[in-house]
Amino acid sequence: MSNDLLRWRKEASSVEWSKLADLAETSVGYLDQIAYGFRRASPSKAKQIEAATKKFESITPVTKEDLVFAAVRATAA
C-alpha cells in the first residue's frame, strides 16, 4: 500500500518531515498514519498538507486529491 505522501516522506529528511507537520498544523504521527494508509486525510487537512508540501522546493508536492481518495489499509498486518 503506497500513496504520494509516503513517496514524499521517503524523499524528505526527518527534519523536513517534522517541518511539514508543523506547517500543516498536525503531528508527525498523524502524517505517518496517512502516509502508511491507516487513515485518510479530511478535505481540509489534505488542503493544508498540500499547501505545506509546496513550500519545499526540492521535493515534488502531493495533491489534496491523492490524500482524500487514498485507499485505506484493510488490516494492520
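A salt bridge is defined here as a side-chain nitrogen of Lys or Arg within 4 Å of a carboxyl oxygen of Asp or Glu. The structure holds five of them, and Asp4, Arg7 and Glu11 are joined by such contacts into a network.

The model is predicted, with local features requiring pLDDT of at least 70 and side-chain atom pairs counted only at pLDDT 80 or more, while totals for chains, interfaces and linings use all residues. Residues are numbered from 1 along each chain as its sequence is written, and side-chain values use heavy atoms, with hydrogens and water left out. The pLDDT, the predictor's confidence in each residue from 0 to 100, averages 91 over the protein, and 92% of the residues score at least 70. Helices (H or I, at least four residues) are DSSP runs numbered from the N terminus.

Within helix α1 (residues 4–11), Arg7 and Glu11 stand four residues apart, about one turn of the helix. Their side chains form a salt bridge of 3.3 Å, N to O. Glu11 is partly exposed at 44% relative accessible area, as is Arg7 at 23%; buried means under 20%, exposed over 50%, and partly exposed in between (1.4 Å probe, protein chains only).

Other pairs connect separate helices. Arg9 meets Asp32 at 2.7 Å, N to O, linking helix α1 to helix α3 (residues 28–35) across 23 residues. Lys64 pairs with Glu50, their closest N and O atoms being 3.4 Å apart. Lys64 is partly exposed at 30% relative accessibility, whereas Glu50 is buried at 11%.

Note on methods:
Helices (H or I, at least four residues) and strands (E, at least two) are DSSP runs, numbered from the N terminus.
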